[in-house]
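This briefing walks through a structure by topic, beginning with a question about one residue and then moving to the wider picture.

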Amino acid sequence: MLTFVDSVQEAVSGIKDGYTVMIGGFGNAGQPFELIDALLDCGAKDLTVVNNNAGQGDQGLALLIKEGRVGKMICSFPRQSDSWHFDTRYKAGEIELELVPQGNLAERIRAAGAGIGGFFTPTGYGTMLAEGKETRIIDGRGQVFETPIHADVALIKALKADGKGNLVYRKTARNFGPIMAAAARHTIVQVSEIVPTGGLDPENVVTPGIYVNTVVRVPAGAGSTAGTEEKVA
Amino acid sequence: MSTATSIQTSATPLGRDDLARLVAKDIAPGSFVNLGIGQPTLVSNYLTDEQNITLHTENGMLGMGPAAEGDQIDGDLINAGKIPVTELPGASYFHHADSFAIMRGGHLDICVLGAFQVSATGDLANWHTGAPGAIPAVGGAMDLATGAKDVFVMMTLLTREGASKIVESCTYPLTGIGCVTRVYTDKGVFLTGPDGVAVRETFGCTLEELQELVPVQLKAAPAA
């Protein structure tokens with residue numbers, strides 16, 4: 001069922017210890033910072049987090065990791081110049097890492113949302129990231145079997161929602177939003193604007209509302225990545 | 001002059017910008033191209049309007065324009081290196097699974113990547129040094145290496161210690177097998193494939209001198 005809530009705290013209040021949580025965003029674009037902050041405040045722990053990266057700087061996902069809430073990261077690129085909180089936890093053996101090539105990460109998430117039990121892909125064949133996985137030669141090409149990644153909850157950011165939970169995104173902030181919305185049992189979306197039902201052109205809807213469970217409005221400018229207000233050094 | 005030395009096209013090794021200019025010139029008009037992070041990004045400086053190249057960035061865009069400056073900077077519009085960029089007329093946005101389907105599905109004509117090592121048969125190592133304690137991070141490297149119709153590598157031929165990065169077989173962890181088709185280096189352009197390594201042209205050395213540096217049997221490529 002679709003609900004509209006008044007606060008990010010209310011939006012994440014159902015997240016429990018041990019959940020697998022998908023968090024949208026690539027770099028700062030599309031990161032639902034306010035929802036992540038609320039997740040930090042709600043205290044849920046032993047989380048498995050699915051994101052392309054493993055947190056940057058002293059905000060968002062990096063703080064969840066710093067506070068020891070994340071037991072496992074599933075991501076493609078955990079090592080960045082400012083990913084010191086992950087680095088510390090990883091080197092201390094306090095966080096598990098499942099490293100996945102970026103396209104396999106995306107397709108495994110997509111497969112979960114689409115009810116696919118797995119797929120063969122040439123990406124990673126013959127590399128250490130395919131060790132222990134089933135392989136086949138298909139059309140003359142070595143391929144690796146990859147399984148879907150399901151989640152209890154997805155936290156994503158979109159530009160607008162209408163009254164049916166239909167979503168549109170903005171530029172490269174779309175990234176993981178649509179596939180994570182489909183892959184999670186419960187999808188929580190922060191949007192800059194809520195428009196009346198009928199206020200989005202059906203031809204332009206990117207994520208149909210059937211994938212969306214909870215919507216909260218976080219006005220652009222209130223957040224750290226709102227449109228053109230963000231100045232990147 | 002013997003035919004073996006006639007493939008030298010520059011009296012000196014090529015600098016990074018000259019190499020980028022050469023790669024840009026070799027990209028066929030109308031191509032869809034992904035430029036990797038680092039040195040390959042320089043190639044975009046030398047693509048001409050007449051070439052009509054469409055740039056793909058794997059975070060979810062075709063029709064990427066130059067880096068954004070000043071008021072153009074928009075936190076929602078970044079490239080795979082997380083650098084603010086611009087959009088060109090005719091640009092399109094799509095989600096991550098579609099973006100990698102573009103890659104994996106063989107729709108990109110060329111991707112240009114950096115490398116630690118390339119083997120004689122085109123194996124690529126460019127994501128992980130394998131050093132103990134290093135945090136592994138792969139990003140889209142393996143997807144790019146296996147997806148594009150042609151994979152070009154741009155790198156210096158030698159490491160700082162003077163070892164050839166073109167090797168019989170890679171000692172660093174692999175990114176992809178038999179995927180590299182062409183290697184652009186400061187000392188020459190190498191064509192790699194199942195039949196071994198052919199040298200298209202050399203810079204600042206003869207083929208014989210190049211052979212002294214590279215522990216893989218080299219031959220001159222047939223004239224194009």
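Where in chain B is the place of B:N52? In this predicted model, B:N52 sits in the loop that connects β2 (32-35) and β3 (54-57) of chain B, and its phi is near 55 degrees, a positive value in a residue other than glycine.

**Parallel strand pairing in chain B**

- The strands β2(B) and β3(B) run parallel and are joined by 3 bridges, with B:V33 standing opposite B:L55 of β3(B).
- β2(B) is also joined by 3 bridges to strand β6 (residues 110-113) of chain B, again in the parallel sense, and here B:L35 has B:V112 of β6(B) as its bridge partner.

**The contact between chains A and B**

- Chain B brings 32 residues to the contact, while chain A brings 42 residues.
- On the side of chain B that touches chain A, α2 (96-104) and α3 (141-147) of chain B each supply at least two residues, and α2(B) gives the most, with 5 residues.
- By residue class, that side of chain B divides into 17 nonpolar, 9 polar and 6 charged residues.

**Overall form of chain A**

- Chain A contains 6 helices and 12 strands; its radius of gyration is 18 Å, close to the 17 Å that the globule rule gives for 233 residues, so chain A is as compact as a globular protein of that length.
- The C-alpha trace of chain A spans about 50 × 40 × 35 Å along its principal axes, and buried residues make up 54% of the 233 residues in the chain.
- When contacts in chain A between residues at least 6 apart in sequence are considered, 75% of them join residues at least 24 apart.

**Helix α4 of chain A**

- In helix α4 (residues 84-91) of chain A, the buried residues are A:H85, A:F86, A:R89 and A:Y90; they lie on the same side of α4(A), because they cover an arc of only 125 degrees around the axis.
- The partners against which the buried residues of α4(A) pack are α3 (61-66) and β5 (96-99) of chain A.
- A:K91 also belongs to helix α4 of chain A, but this residue is exposed, because 11 other C-beta atoms lie within 10 Å, where exposure requires 12 or fewer.
- The C-alpha atom of A:K91 is separated by 28 Å from that of A:D152, which is 61 residues away along the chain.
- After α4(A) comes A:G93, whose phi is positive, near 70 degrees.

**An open antiparallel sheet in chain A**

- An open sheet of 3 strands in chain A has the order β6-β8-β7, with antiparallel pairing.
- β6 (119-121) and β7 (135-138) of chain A stand at the edges, and each has a single partner strand, so one side of each is left without a neighbour in the sheet.
- From one strand to the next, the twist averages 40 degrees.
- The antiparallel pairing of β6(A) with strand β8 (residues 141-146) of chain A extends over 3 bridges, and A:F120 has A:F145 in β8(A) as its bridge partner.
- Helix α5 (residues 102-114) of chain A packs on this sheet, where it touches β6 and β8 of chain A, and the direction of α5 makes about 165 degrees with that of β6(A).

Notes: Residues numbered from 1 in each chain as written. Chains lettered and ligands numbered in written order. Predicted model: local features only at pLDDT ≥ 70, side-chain atom pairs only at ≥ 80, totals over all residues. Contact = placed C-beta atoms within 7 Å. Helix = DSSP H or I, 4+ residues; strand = E, 2+ residues; numbered from the N terminus. Nonpolar A, V, L, I, M, F, W, Y, C, P; charged D, E, K, R; others polar. Buried ≥ 20, exposed ≤ 12 C-beta atoms within 10 Å, placed from the backbone. Arc of directions from axis to C-beta. Pairing = 2+ DSSP bridges. Axes fitted to C-alpha atoms, helices over the stretch in contact; angles between N-to-C directions. Rg over C-alpha atoms; globule rule 2.2 N^0.38 Å.
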